[in-house]
Amino acid sequence: DAAHELRTPIAVLRGRAEISLQRPREAAAYIEALQGIEEESGRLGRIVDDLFTLARADAGERRIQHARVYLDDVTADAVGAARALAAGRGVKMTMTEYEEAVVNGDAALLRQLLMILLDNAIKYTPPGGEVRVRVAASISGAVLSVEDTGVGMDAAQLPHVFERFWRGDPARTRLGRDAHLTEGAGLGLPIARWIADAHGAAIHIESPPGRGLCVTVRFPAAPPVNRT
């Protein structure tokens, strides 16, 4: 599966370079080719980074730095970073609920989890849509949810969303002619699942017909502070 995913961007890189070198061209044509190579190189780099993350996780080499973390602060930071991407695609991003929520976890990994969920929500929401983020606290723990207003996903596909390299039916893109914006290797959600598991959290995805997609992560309560 990994080799299959890597073959496509490598083939595109070689193809662009070979076409550019077949004959002398104007400077503008070389610039266009280099821009395409840069874009595909970025995609290739992201796939390799994700593979490395999962390989380290499988080997137990990624140590989790557990500490008391305010999930609301981590979420606010991630939302702030993702807002520019959302605005660039005409998608509104709002925090519908923002409660102080303390969890026991790794702040860097929690932020990565947030960025994966936000990036997916933005990519699969058409212009004019909205991404809603919620952080709530209770005695049993903290709840994070990221919901988009896209067309959602078939119920038959939902059980497979956390499988590595799974991207669903290519005929069912939620962005139509802008399908290239959703390209990926199908590794984001598996990484999100690993991060949730590493924190003892439960991650769940639901897609009510015609109401978009909602990802909910439920974290266990952080242990009380030892004041002795």
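**Entry 1: strand 6 and strand 7.** I looked up how strand 6 (residues 202–206) meets strand 7 in this predicted model. The two strands run antiparallel and are joined by 5 bridges. I noted that Ala202 stands opposite Arg218 of strand 7.

**Entry 2: strand 5 and strand 7.** I then examined strand 5 (residues 141–148), which is antiparallel to strand 7 and joined to it by 7 bridges. Here Val143 stands opposite Arg218. I also checked the cover of strand 7 (residues 214–220): 5 of its 7 residues are buried.

Entry 3: I traced an open sheet of 5 strands in the order 2-4-5-7-6, with mixed pairing. Its edge strands are strand 2 (92–98) and strand 6, each of which pairs on one side only. From one strand to the next, the twist averages 15 degrees. Strand 2 pairs with strand 4 (residues 130–138) in the parallel sense, over 6 bridges. I recorded Val135 in strand 4 as the bridge partner of Tyr98.

**Entry 4: helices on the sheet.** I found that helix 3 (residues 71–88) packs on the sheet and touches strand 2, strand 4, strand 5 and strand 7. Its direction makes about 165 degrees with that of strand 2. Helix 4 (residues 107–123) lies across strand 2, strand 4, strand 5 and strand 7, at about 25 degrees to strand 5.

**Entry 5: helix 2 and helix 5.** Which residues make the contact between helix 2 and helix 5? I first noted that the axes of helix 2 (residues 27–58) and helix 5 (residues 188–198) come within 10 Å and cross at roughly 30 degrees. The crossing is left-handed. Helix 2 contributes Asp50, Thr53, Leu54 and Ala57, and helix 5 contributes Pro190, Ile191 and Trp194. By class, I listed 5 nonpolar, 1 polar and 1 charged residues in this contact.

Note on methods: Residues are numbered from 1 along each chain as its sequence is written. This is a predicted model: local features need pLDDT of at least 70, side-chain atom pairs count only at pLDDT 80 or more; totals for chains, interfaces and linings use all residues. Side-chain values use heavy atoms; hydrogens and water are left out. Buried means under 20% relative accessible area, exposed over 50%, partly exposed in between (1.4 Å probe, protein chains only). Helices (H or I, at least four residues) and strands (E, at least two) are DSSP runs, numbered from the N terminus. Two strands pair if DSSP finds at least two bridges between them. Axes are lines fitted to C-alpha atoms, for helices over the stretch in contact, and angles run from 0 to 180 degrees between N-to-C directions. A crossing is left-handed if the near helix is turned anticlockwise from the far one by less than a right angle, and right-handed if clockwise. Contact means heavy atoms within 4.5 Å. Ala, Val, Leu, Ile, Met, Phe, Trp, Tyr, Cys and Pro count as nonpolar, Asp, Glu, Lys and Arg as charged, and the others, Gly among them, as polar.
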